[in-house]
Amino acid sequence: MQLRSVYSPNDPDMMDVNDSRSINNAIAKAVESGCNMVVIPRLNARSNSYSWIIGEPIMLPSNITVILDGCYMVQEEGCYCNMFLTAGALDSDNKTIEHELCNIRIIGQNHPVLDGGVYNGFSEWHSPPGTLFNNVTMLFVNVNGFTVEGIKIRHMRWWSMAYYYCRNGIIRNVEFEADFASIGPNGERVEALPEKYGDVYIKNGDGVDIRCGCNNILIENITGKTEDDTVALTALMGTFEKRFFIEGKDWDIHNITIKNVSSDCLSGGQLRLLCADGTRVHDVIVDSLMDYPARRSWQCNVFLGYAILGEYIRSRTSIRGEMSNISINNVFSHSTRAILAGCAVENLHLSNIFCSKEVEYAIQTGNISSFNSTWIDGVYCAEGACSDTIFNFCSETEGEMQISHVYAHHCAHVVRNAGPMNITLTDCQVERITDSLMSREYNPNFPY
């Protein structure tokens with residue numbers, strides 16, 4: 001018998017009672033035979049249609065490559081499950097590094113689409129306890145060596161993709177299209193932009209979520225629309241992190257490279273970095289973040305640690321040394337704040353921050369913040385940007401910061417420093433300062 005080079009859910013001997021099982025049959029057979037490759041084409045021969053209806057998770061074992069060849073995959077109405085799920089992710093046993101999966105690849109070609117379809121109504125505030133991860137379109141747990149590239153995810157029911165305790169991965173050339181609709185008085189979907197955050201129909205439509213225990217990952221060329229954060233590195237000791245915890249691994253996120261993120265983010269940011277309760281985020285390199293014209297005052301381009309105590313943080317925000325060695329270069333912002341900080345950061349380097357006229361502050365702090373060994377080099381404000389203040393630090397912000405090469409048309413103050421921050425400012429070229437270079441007051445205009 002000749003060994004097949006590839007399997008397809010369209011193969012007659014792979015077809016089953018539904019599309020999910022047909023795809024799972026092809027994956028299982030590809031791994032068993034050693035060819036390790038499955039192609040999901042545009043045409044679904046089982047239904048003679050151009051849609052693949054997914055009502056059960058597509059399980060991803062080690063050593064599998066799934067080619068999405070121009071296919072349209074949509075989640076079944078009323079289902080409550082992931083579209084793609086790594087094998088063993090939900091098992092209570094085998095949560096050790098010895099059971100780590102390896103070499104999993106999802107490769108898109110000819111513009112495949114993964115669609116959340118009709119929203120099932122489950123959210124952070126309305127879902128069975130500890131099960132919301134079922135609404136993540138693509139969930140990877142305990143994987144060494146993975147690639148996800150060349151796909152579009154639209155109308156995600158919660159997060160688009162989440163990674164727990166994964167390492168040595170590539171996520172690139174991914175487009176998101178979140179549902180920006182509002183919720184009506186009876187919970188129905190209304191085709192209108194939300195007036196406030198509570199009006200968002202599907203909340204927390206994130207893009208790429210890197211969670212606890214992840215390291216050595218490249219994320220690049222991320223575009224489209226997300227309802228919340230487009231790329232988030234969040235090391236939190238939450239329910240899912242504890243459920244997915246892998247014995248032999250730590251909680252930290254480190255050695256992450258992020259390049260070329262350009263998105264329209266309805267109520268979050270292009271990038272969020274967050275650790276708390278003793279976890280760490282460190283050694284992160286970011287280059288080129290661009291937000292589309294912002295719509296809401298609560299938006300910013302970059303969140304550094306800002307989160308509400310009790311909502312995501314159990315007992316405390318980060319302390320010195322837990323978020324460290326962060327380099328963020330080339331930030332192009334239309335948001336109210338280019339950068340919003342609310343944590344301890346050590347060895348932070350920010351360079352080339354470009355603020356359009358919509359930006360009120362290049363940097364603002366909003367709760368307990370600490371900066372140690374921090375350099376800001378190159379802040380460029382368009383005419384009308386940061387007209388009150390370029391750098392706005394609250395009374396709880398402490399540490400030391402060196403700022404150089406600041407260019408602006410006019411502002412009332414370059415720095416508002418209400419706390420014990422020690423700031424060194426060099427090469428500041430502002431055509432017109434209407435009040436004073438530095439003020440000891442904080443502008444409380446803080447809509448988030």
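**Exercise 1. Contacts of a loop residue**

Leaving aside neighbours within four places in sequence, with which residues is Ala412 in contact?

*Solution.* Start with the ground rules. This is a predicted model, in which local features need pLDDT of at least 70, side-chain atom pairs count only at pLDDT 80 or more, and totals for chains, interfaces and linings use all residues. Residues are numbered from 1 along each chain as its sequence is written, and side-chain values use heavy atoms, with hydrogens and water left out.

Step 1. Ala412 sits in the loop between S28 and strand S29 (413-417). Helices (H or I, at least four residues) and strands (E, at least two) are DSSP runs, numbered from the N terminus.

Step 2. Check its cover. Ala412 counts as buried, at 13% relative accessibility. Buried means under 20% relative accessible area, exposed means over 50%, and partly exposed lies in between (1.4 Å probe, protein chains only).

Step 3. List the partners. Contact means heavy atoms within 4.5 Å. Ala412 is in contact with Ser387, Asp388, Ile433, Thr434, Asp435 and Ser436.

Step 4. Look at one partner by C-alpha atoms. Ala412 and Thr434 are 4.6 Å apart in space and 22 residues apart in sequence.

**Exercise 2. Charges over rings**

Which ring does Arg42 lie over, and which ring does the charged end of Arg272 sit over?

*Solution.* 

Step 1. Apply the test. A charge sits over a ring if NZ of Lys or CZ of Arg is within 6 Å of the ring centre and within 35 degrees of the ring normal.

Step 2. Arg42 lies over the face of Tyr50, at 4.1 Å from the ring centre.

Step 3. The charged end of Arg272 is over the ring of Phe303, 4.1 Å from its centre.

**Exercise 3. Into the core**

Describe the surroundings of Val379 and Ile390.

*Solution.* 

Step 1. Val379 is found in strand S26. Val379 is buried, with a relative accessible area of 0%.

Step 2. Not counting residues up to four places away in sequence, Val379 touches Ile353, Ala362, Ile390, Phe391, His405, Val406 and Tyr407.

Step 3. Turn to Ile390. Beyond its neighbours within four places, Ile390 is in contact with Tyr361, Ala362, Ile363, Val379, Cys381, Val406, Ala408, Cys411, His413 and Val414.

Step 4. A nonpolar core is a set of buried Ala, Val, Leu, Ile, Met, Phe, Trp, Tyr and Cys residues joined through side-chain atoms within 4.5 Å. The largest one has 116 residues, and those touching the most other members are Met73, Phe140, Met161, Tyr163, Ile390 and Phe391.

**Exercise 4. Positive phi**

Find the phi values of Asn325 and His405.

*Solution.* 

Step 1. Asn325 lies in strand S22. Its phi is near 55°, a positive value in a residue other than glycine. Asn325 is partly exposed, at 31%.

Step 2. His405 lies in strand S28 (residues 397-411). Its phi is positive, about 60°, although His405 is not a glycine. His405 is partly exposed, at 30%.

**Exercise 5. The whole chain**

How many helices and strands does the protein have?

*Solution.* 

Step 1. The count is two helices and 31 strands.

Step 2. Of the 448 residues, 57% count as buried.

Step 3. Among contacts between residues at least 6 apart in sequence, 71% join residues at least 24 apart.
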